[in-house]
Each structure stands twice: as structure tokens, then as C-alpha cells.
Amino acid sequence: MSCNIVRAVAEDATAAVATENNISQEDVLVDPSKVAEVVDYDWTEEWYPLYLSKNVPDDAPLGLTVFHKQLVLYRDAAGEFRCYEDRCPHRLAKLSEGQLVDGRLECLYHGWQFEGDGKCVKIPQLPSGAKIPKQACLKTYEVRECQGVVWVWMSLTTPPNAKKIPWFENFARPGFQDISTTHELPYDHSILLENLMDPAHIPISHDRTDWTAKREDAQPLLFEVTERTARGFAGWWGKESDKSTPNFLRFEAPCNLQNNREIVDEKGVKQYFSGLFLCRPSGQGKSMLIVRFGTTKRSPIAKLFPTWYFHQNASKVFEQDMGFLSSQNETLMKENVPTKELYLNLKSSDTWVAEYRKWMDKVGHGMPYHFGHSTVSLPEIPAVVEHAPAGLVAGISASSPAKGGLASMHAPNLANRYFRHVIHCKECSGVVKAFQTWKSALSVVALLSTGFAILVSGRQWKALFLVTTALCLLGVYACSAAIGLNTTNFIRTHRRL
């Protein structure tokens with residue numbers, strides 16, 4: 001049965017149900033016929049979120065990408081962020097595979113060193129007295145740090161527009177606290193964005209993942225679009241059962257999404273909550289997400305849990321959707337048609353998704369590739385799969401254990417939680433190392449305690465050493481469980497009502 005026939009059957013079924021309830025099909029489905037206006041747009045003339053500044057390594061370069069552009073980010077001797085094209089002008093080696101020497105970036109292939117505005121300051125093989133060629137310089141990208149995030153301006157010709165750097169009001173409020181995580185994901189950033197602006201899937205896909213998502217709460221939603229511009233859209237949404245729309249969503253070019261809510265507490269004080277999603281396109285079928293959940297009034301229960309617990313829970317959430325979104329990415333690439341030919345968007349659940357894809361129609365002509373509501377353009381050049389990832393990823397996998405060696409936790413694979421999150425988070429990588437150290441130490445103590453229990457003759461001493469062994473083994477189990485929470489993927493178990 002062809003796709004068009006299946007779609008026609010689905011639409012007929014929707015129309016039949018709507019008619020039975022005296023509701024027209026136009027009231028149920030998002031109108032697929034409306035075509036958005038086209039506006040001037042250049043994807044390079046935007047600020048893209050590169051990394052949480054607190055997680056940028058102090059002693060190593062970091063390889064990152066924006067669409068198909070490969071960049072290297074590092075801190076120089078003064079602690080300032082520097083960003084270059086990730087390519088040595090000598091023989092095209094990746095500079096993110098290099099090292100930092102006295103604040104300079106060194107290519108580890110032949111030892112060329114660069115600093116400041118990309119100037120080459122050392123070539124070990126250059127004859128004595130010879131000048132460094134002018135061509136031995138790097139393309140530089142402007143970077144700025146703002147509200148804990150490093151942003152990069154991608155245009156090499158248009159001067160950076162500081163007014164375009166995103167500013168999130170709630171994150172500047174007194175007493176505002178947030179938990180921020182970074183995740184690398186194996187699907188296009190546009191699919192990630194539409195997933196994040198889709199509240200209808202939360203009760204189903206994330207049932208019981210936290211204290212709020214429950215399958216039985218799935219229901220129609222109310223949406224009110226209040227703003228449509230060349231740079232995005234905004235509006236209010238809420239549950240139909242609440243008969244209100246207390247949540248405010250805003251999408252702003254190129255890839256920033258925020259969901260805000262204001263609540264007046266029992267003392268009459270207005271409290272603010274924000275979910276901020278910064279979705280960087282990191283190549284065909286790949287994206288990197290910075291998630292920041294914050295509030296001016298944190299739950300007392302939440303304060304009892306360590307930060308790494310919330311990080312692993314966030315990883316679980318993305319793993320619950322990963323299979324759906326990866327297959328969606330594959331289908332969009334294969335079909336090569338606009339989403340209106342593939343999606344059956346409901347007004348009561350998919351309004352933001354339709355708005356986003358229609359925004360893509362406006363600006364997609366100015367992107368390397370896009371999937372719009374009525375338009376589509378695939379990448380001109382197929383993605384090159386790197387079997388030996390560069391920079392931080394390579395460093396981690398090469399040290400524990402050797403790259404290509406044993407231990408699936410360290411396999412360079414974006415379906416692996418360790419590589420999707422832990423290597424990008426100083427806190428979680430530190431926690432994993434700490435638990436591994438404690439596990440090893442407790443194992444040694446348990447072994448020694450068992451040996452002493454065998455050798456000593458007194459009952460009291462035997463009992464003491466055996467209790468010590470039992471407690472150490474319990475600690476080993478707890479450490480293993482904590483390491484597993486941070487590094488093991490979530491496996492869905494289907495649940496029926």
C-alpha cells in the first residue's frame with residue numbers, strides 16, 4: 001500500500017471520528033495548504049551555542065561542529081576562549097587532536113603552534129632564520145561567553161552582531177538556580193527541536209520518568225500562537241482539562257527554545273520556572289543539546305539528590321525518545337518530501353511542530369539543508385563518517401581503555417550514554433572516576449579483610465573482619481550501581497494501564 005493511500009485512509013478515519021462528534025476535520029488537523037512567506041536569511045550570521053563554559057577543558061582543545069563546519073575551541077594562557085577552523089594549514093590535520101603548550105595550540109602531527117588571532121608562531125622544521133609563511137594562519141571565529149554558555153558567530157565575512165546574542169531574562173533573576181546538562185544526539189537538530197516543543201508526547205514516552213509524567217494524563221492540549229516573525233514564533237499552551245494556557249513557549253533563530261511559567265506561591269510571591277534548550281546542529285543526522293532547567297524556588301525534595309542524579313535522569317529521557325527520532329530522521333532523508341506530505345499534525349497536540357516547520361519554509365533557503373512544512377532541501381554532500389573521533393572524545397576513549405579496545409562503556413558511539421553525555425560533563429566524569437576509585441579501594445579492603453578473617457583465630461576478630469568484608473562488598477555494589485546509572489542506557493519496558 002503506497003504512502004499516499006495510507007495517508008488518505010488515516011485522514012478519512014480522522015474525518016469520520018470528527019463527523020461523529022460534530023467536529024469538522026478542519027478543526028482537528030493543522031491546515032497543510034498554507035505556505036509561509038520567504039525572508040532573507042543566512043545561517044552563518046547567527047550565534048550558535050557551542051558548550052557550557054564550565055565544561056570546556058582547561059588543558060586540552062575541544063573539537064566541535066556547526067552544521068558541516070568543524071571548529072576547535074580552547075582557553076588560551078589568559079583564560080580567554082579562542083575558536084579556529086579545526087584544520088592545520090600544513091597538511092589538514094585536526095587541531096582538536098593536538099595539545100596546549102603555554103597557552104598556544106599545537107598540532108600534534110608536526111608541532112606547528114598557533115595563538116591569538118590564528119597566527120602561526122612556531123614551525124619546528126623551518127630552517128634557521130627563515131620566516132613563517134603568511135599563509136600559515138588559521139581561520140578564526142568570534143566567540144563570546146554569555147550566561148554560562150560559549151557562543152560562536154559563524155560568518156567569516158560579516159562582523160559579529162552582538163545584539164543577536166541570546167539573553168534569557170529568567171536566568172538573570174536574583175535567586176534563580178539551574179541544573180544544566182549537555183547531550184550529543186544521533187539525529188538532526190530540527191527533529192530534536194520539534195521533539196522538545198511537543199508536550200503531547202511526554203505522558204506517553206516518559207511515563208513515570210519523573211514525578212509529573214503519567215500515561216493516564218495524556219489529553220488534548222490548548223495552543224495560542226501570539227507571535228510569528230522572521231526569527232521564530234511564540235505563544236501559550238496548556239492542558240484542556242485545566243481550561244487555561246499558563247505555559248509560554250518561545251522559539252528563536254537559529255536553534256533556541258524556551259518554555260517558561262510563572263507561579264504565585266503560598267506567600268503571594270511570584271516564582272519563575274524555565275526550561276531552556278539550546279540545540280546546535282552538529283552535522284548531518286547529529287545534534288548537540290544544552291539543557292537548562294531553572295527556577296527561583298527549588299523543591300526541597302530536589303535538594304536531597306546530587307546533581308549527577310538529575311543528569312543521568314535527563315539521559316534516560318533522551319534515550320526513551322532516541323529510537324523514534326533516529327528512525328524519523330532516516331525517513332525524512334529517504335522520502336525527500338516536505339513534512340506536510342508525511343506528518344498528520346493535530347491542532348490539539350502538534351501546533352508548535354507545524355509552526356516550526358513553517359518557519360523552516362521561510363528561512364530554509366539560507367541553510368545548508370532543511371526539512372520544512374512545504375519545502376525541503378537535502379545536503380548536497382553526503383556526511384563523512386569518522387571512525388576515529390577527534391579531540392576530547394578520542395582522548396577519553398584512548399585513555400580508558402585504548403580506543404578500539406575492550407569495554408563497551410568507552411566505545412565511540414553516539415548511542416552510548418557515556419559518549420553522549422559523560423565526556424561532555426566535568427561533574428559526571430568526575431563522579432564516575434570517583435566511584436571507580438572507591439570501588440577498587442573497597443574491593444582491595446574486602447579481599448584483605450577476608451584474608452585476615454581466615455588467618456585469625458579469635459571469634460570476635462573473625463566476626464569483625466567478616467562484617468568489614470560484607471560492608472565493603474555492599475559498598476562495591478553501590479559504586480557499581482552508581483557507575484551504571486551514569487553510563488548505562490535506559491531499556492524501555494512496555495507498560496499497560
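Which residues in α5 meet which residues in α9? The views below start there. This is a predicted model, in which local features need pLDDT of at least 70, side-chain atom pairs count only at pLDDT 80 or more, and totals for chains, interfaces and linings use all residues. Residues are numbered from 1 along each chain as its sequence is written, and side-chain values use heavy atoms, with hydrogens and water left out.

**View 1. Helix α5 meets helix α9.** On the α5 side we have Thr307, Trp308 and His311; on the α9 side, Glu427, Cys428, Val431 and Phe435 (contact means heavy atoms within 4.5 Å). Helices here are DSSP runs of H or I, at least four residues, and strands are runs of E, at least two, numbered from the N terminus. The axes of α5 (residues 307-335) and α9 (residues 426-455) sit 10 Å apart at an angle of about 110°. That makes the pair roughly perpendicular (65 to 115 degrees).

**View 2. Asn313 in helix α5.** With 12% relative accessibility, Asn313 counts as buried (under 20% relative accessible area, 1.4 Å probe, protein chains only). Leaving aside residues up to four places away in sequence, Asn313 touches Thr209 and Asp210.

**View 3. An open sheet of 7 strands.** The order runs β11-β17-β16-β15-β14-β13-β12, with antiparallel pairing (two strands pair if DSSP finds at least two bridges between them). β11 (177-185) and β12 (221-229) each have a single partner strand, so one side of each lacks a neighbour in the sheet.

**View 4. The pairing of β11 with β17.** These two strands are antiparallel over 9 bridges, and Thr182 has Ile290 in β17 as its bridge partner.

Conventions. Axes fitted to C-alpha atoms, helices over the stretch in contact; angles between N-to-C directions. Parallel < 35°, antiparallel > 145°, perpendicular 65-115°, else oblique. Buried < 20%, exposed > 50% of the residue type's maximum accessible area, 1.4 Å probe, protein only.
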